[in-house]
Amino acid sequence: MTVQLVLNTDLAKGRINPNIYGHFAEHLGRCIYEGLWVGEDSKVPNTDGIRNDVVEALKKLNIPVLRWPGGCFADEYHWKDGIGPKEGRKRMINTHWGGVVENNHFGTHEFFRLCELLECEPYICGNVGSGTVQEMSEWVEYMTFDGESPMANWRAENGRELPWKLTYFGVGNENWGCGGNMRPEYYADLYRRYQTYARNYGANKLYKIAGGANIDDYNWTEVLMREAGHLMDGLSLHNYTIPGSWEQKRPALGFDTAEWFETMQKSLHMDELVARHSAIMDKYDPQKRVGLIIDEWGTWFLSEPGTNPGFLYQQNTLRDALVAGIHLNIFHNHSDRVQMANLAQMVNVLQALILTEGDKLVLTPTYHVFEMYKVHQGNERLDVSYESPEYAFEGKSIPQLSLSASRDAEGKVYVSVCNLSHEAAAELALELRGAVFTQVAGTILTHTELGAHNSFQSPDTLAPVAFSGAVLEGGKLSCTLPPASVAVFTLE
């Protein structure tokens with residue numbers, strides 16, 4: 001059966017914020033240390049201690065924003081331990097992630113240097129769970145105040161005369177859980193207090209992000225918006241795609257078709273979560289001033305055998321590629337409310353873009369999807385009308401297709417499509433209204449093996465290739481997508 005779709009290329013639905021393509025780097029496992037930071041004396045080529053090969057790969061994605069230092073780590077992180085001469089920095093136990101020693105060699109100055117190298121915006125998450133109001137206030141002063149003050153003077157002593165530009169600032173993380181096991185009413189009051197002392201200095205204006213709900217805790221969103229919505233610019237949401245259950249996670253490799261289907265089903269659930277949390281936000285913020293910030297999302301499987309389970313190191317397969325494509329399509333289609341999203345995490349942790357081993361590097365299928373989709377950043381969203389065929393499996397069914405479309409400033413139109421089915425191809429006929437196109441180009445990521453992945457031994461098992469099966473004729477784009485595939489088409 002051919003799926004009939006209609007795309008009105010002249011009817012824009014609002015801008016896709018580039019920050020939807022944001023990322024997250026926590027002091028967890030080998031994300032920071034070995035993944036991003038090797039130190040100035042490392043044999044691995046680096047710039048000021050930061051790996052050159054990782055930076056080079058990440059810059060190709062046009063990364064807009066990077067969240068740091070956590071995660072659960074943020075609410076046990078005391079920023080003053082991570083500045084000044086490295087030999088004098090305090091060592092601590094990372095109680096959340098593996099019980100390893102954190103030497104604090106990667107701190108505020110190193111993070112801002114990383115953002116400079118990546119040419120991305122920094123997003124700092126402050127400590128509410130175990131930190132004081134004064135500590136948070138002084139961190140903002142240290143980073144952003146341009147003038148005479150104890151913190152600005154200290155920054156200059158540590159080698160940075162001018163302040164940094166900092167826009168995005170999170171007031172705590174997961175305060176319903178690892179960030180303090182708080183009730184929403186209590187955290188709402190703490191948020192009101194802490195954000196008061198996160199000052200705007202000079203021309204630097206903070207975009208303040210409140211710690212939002214875990215998955216479908218709609219009461220948390222209700223309370224936060226009611227009690228503190230007028231004092232925030234963004235409200236976060238965390239949701240991970242976990243086949244099985246939180247208590248009984250499944251391996252990243254060796255999964256069967258039932259687990260494939262369950263993963264696709266749970267990925268699509270993000271659409272309901274965004275819609276329902278947005279509806280609550282609409283009640284208190286009909287102008288949509290407050291952004292929904294999905295600053296932790298991605299797959300969460302069992303750690304790879306033989307690795308520290310607290311390091312959350314997992315392989316990344318074609319299944320992860322579909323999860324990434326589905327989520328980015330959902331974020332595009334809710335561009336009126338979703339203003340940032342941060343994949344967890346950047347390197348060597350959970351649904352990573354990059355895996356490293358010594359001086360070696362491998363790009364994951366998720367990396368390739370981000371590279372394929374980056375053409376949507378900052379574009380006007382276009383509406384696609386269609387009825388997806390059902391993807392049925394063992395008495396359950398979900399839509400077989402996930403789509404989004406956008407138009408750039410030059411008039412080029414981009415259509416991204418995911419075929420979720422593990423066995424059925426998808427025949428598409430997309431009617432193009434509002435403009436005339438004479439050329440189409442396509443890129444596709446797929447494989448005959450659902451568990452296909454890239455390893456250090458075989459780094460190019462799964463990579464995007466040109467898709468030549470798209471036909472543009474009579475104002476209609478026609479193609480047949482193979483099972484388990486992600487494709488992006490460019491029309492001009």
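I began with Arg337, which is buried at a relative accessible area of 1%, where buried means under 20% relative accessible area, exposed over 50% and partly exposed in between, with a 1.4 Å probe and protein chains only. Before going on I noted that this is a predicted model, in which local features need pLDDT of at least 70 and side-chain atom pairs count only at pLDDT 80 or more, while totals for chains, interfaces and linings use all residues. Residues are numbered from 1 along each chain as its sequence is written, and side-chain values use heavy atoms, with hydrogens and water left out.

**Salt bridges**

I looked up the partner of Arg337 next: its side chain meets that of Asp282 in a salt bridge of 2.5 Å, N to O, the term standing for a side-chain nitrogen of Lys or Arg within 4 Å of a carboxyl oxygen of Asp or Glu. Asp282 lies in helix α7 (residues 257-284) and Arg337 in the loop between α8 and β13 (338-344), so the pair ties together parts that are 55 residues apart in sequence. Helices here are DSSP runs of H or I with at least four residues, strands are runs of E with at least two, and both are numbered from the N terminus. Asp282 is partly exposed, with a relative accessible area of 28%. I also found Asp282 and Arg337 in a network of salt bridges that links them with Asp285, Lys288 and Asp336. By the rule above, the count comes to 29 salt bridges.

I then took Glu121 and Lys165, whose closest N and O atoms in their salt bridge are 3.3 Å apart. Glu121 belongs to strand β8 (residues 121-126) and Lys165 to the loop between α4 (150-157) and β9 (168-171), so this pair joins parts 44 residues apart in sequence. Glu121 is partly exposed at 25%, whereas Lys165 counts as exposed at 52% relative accessibility.

**Helix α2**

Which residue does Lys86 meet in a salt bridge? I found Glu110, at 3.2 Å, N to O; Lys86 sits in the loop between β5 (65-68) and β6 (92-93) and Glu110 in helix α2, 24 residues apart. Glu110 is buried, with a relative accessible area of 8%, and α2 is mostly covered, since nine of its 11 residues are buried. Among them are Phe111, Phe112 and Cys115. After α2 comes Glu119, whose phi is positive, near 60 degrees.

I checked how α2 (residues 108-118) packs on helix α1 (residues 52-59), and the angle is about 50 degrees with the axes 9 Å apart. That makes α1 oblique to α2. Val55, Leu58 and Lys59 in α1 meet Leu114, Leu117 and Leu118 in α2, contact meaning heavy atoms within 4.5 Å. The residues of this contact divide into five nonpolar, no polar and one charged.

**The sheet**

Last I traced an open sheet of 10 strands with mixed pairing, in the order β23-β22-β26-β20-β19-β16-β1-β21-β25-β24, where two strands pair if DSSP finds at least two bridges between them. Its edge strands, β23 (465-466) and β24 (471-473), each pair on one side only. Strand β1 (residues 2-15) pairs with β21 (residues 426-433) in the parallel sense over seven bridges, and the bridge partner of Gln4 in β21 is Ala429. Helix α8 (residues 318-333) lies across β16, β19, β20, β22 and β26, running at about 50 degrees to β19.

Terms used:
Axes are lines fitted to C-alpha atoms, for helices over the stretch in contact, and angles run from 0 to 180 degrees between N-to-C directions. Angles under 35 degrees count as roughly parallel, over 145 as roughly antiparallel, 65 to 115 as roughly perpendicular and the rest as oblique. Ala, Val, Leu, Ile, Met, Phe, Trp, Tyr, Cys and Pro count as nonpolar, Asp, Glu, Lys and Arg as charged, and the others, Gly among them, as polar.
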